[in-house]
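Visitor: I am new to reading protein structures. Could you take me through this one by question and answer?

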Amino acid sequence: EVQLVESGGGLVQPGGSLTLSCAASGKTDSSNCMGWFRQAPGKEREGVTVTNPGGRLTYYADSVKGRFTISRDNAKNMLYLEMNSLKPEDSGMYYCAADVFPCRYSTWSKVEEYEYWGQGTQVTVSS
């Protein structure tokens, strides 16, 4: 069992930046692919970005490429999401997710691929 706890959400103006953190605990050696999903009110949860343990293999949603950066500190069991040039459409609940299997190009953004989830942290981009 892996427990995930997100932090770092908040209110930010358009064009601003925010960094989210996800602390993993429990049987962390079971967490292989880790990443971030988000869900806006009335919309389905969508994949934002994921990474494998080495950090060399990452996937990003087209909507965040060039603006968001995922990073991982395996020694500290931490996952981060640096978000820059934020837009109102980036608003939503951001969830940390993990699974025992490596990230795969064909399925990385599918919610059902991930066994472990955090409770989420709210990000609101508004002036």
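This is a predicted model: local features need pLDDT of at least 70, side-chain atom pairs count only at pLDDT 80 or more; totals for chains, interfaces and linings use all residues.

Visitor: Which strands stand at the edges of the open sheet of four strands?

Guide: The order in this sheet is E1-E3-E8-E7, and the pairing is antiparallel. A strand at the edge has a single partner strand, so one side of that strand is left without a neighbour in the sheet. The strands at the edges are E1 (2-7) and E7 (68-73).

Visitor: Which residue in E3 stands opposite Glu6?

Guide: E1 pairs with strand E3, residues 18-26, in the antiparallel sense over six bridges. In E3, the residue opposite Glu6 is Cys22.

Visitor: By what angle are neighbouring strands of this sheet turned against each other on average?

Guide: The sheet has the strand order E1-E3-E8-E7. With direction ignored, the average angle between its neighbouring strands is 15°.

Visitor: Is Arg67 buried or exposed?

Guide: Arg67 lies in the loop between strand E6 (58-60) and E7. A residue counts as buried under 20% relative accessible area. Arg67 has a value of 10%, so Arg67 is buried.

Visitor: Which residue has the backbone oxygen that the side chain of Arg67 reaches?

Guide: Leaving aside neighbours within four places in sequence, Arg67 is in contact with residues including Glu82, Met83, Asn84 and Asp90. Ser85 is also one of these contacts. At 2.9 Å, the side chain of Arg67 reaches the backbone oxygen of Ser85.

Visitor: How many residues are in the largest nonpolar core?

Guide: In soluble globular proteins, nonpolar side chains tend to be buried together. Here, Leu4, Met34, Trp36, Phe68, Leu81, Met83 and Tyr94 touch the most other members of the core. Elements that give two or more residues to this core include E1, E3, strand E4 (33-39) and strand E9 (92-99). The number of residues in the core is 32.

Visitor: How is the aromatic pair of Tyr114 and Trp117 arranged, and which words describe it: stacked, tilted or edge-to-face?

Guide: A pair of aromatic rings is described by the distance of the centres and the angle of the planes. For Tyr114 and Trp117 the centres are 6.2 Å apart and the planes are at 75°. Planes over 60 degrees apart count as edge-to-face. The pair of Tyr114 and Trp117 is edge-to-face.

Key: Residues are numbered from 1 along each chain as its sequence is written. Side-chain values use heavy atoms; hydrogens and water are left out. Two strands pair if DSSP finds at least two bridges between them. Axes are lines fitted to C-alpha atoms, for helices over the stretch in contact, and angles run from 0 to 180 degrees between N-to-C directions. Buried means under 20% relative accessible area, exposed over 50%, partly exposed in between (1.4 Å probe, protein chains only). A polar contact is a pair of N or O atoms within 3.5 Å; within protein, one must be able to donate a hydrogen and the other to accept it, and residues adjacent in sequence count only if both atoms are side-chain atoms. Contact means heavy atoms within 4.5 Å. A nonpolar core is a set of buried Ala, Val, Leu, Ile, Met, Phe, Trp, Tyr and Cys residues joined through side-chain atoms within 4.5 Å. Rings of Phe, Tyr and Trp (its six-membered ring) pair if their centres lie within 6.5 Å; planes under 30 degrees apart count as stacked, over 60 as edge-to-face and the rest as tilted.
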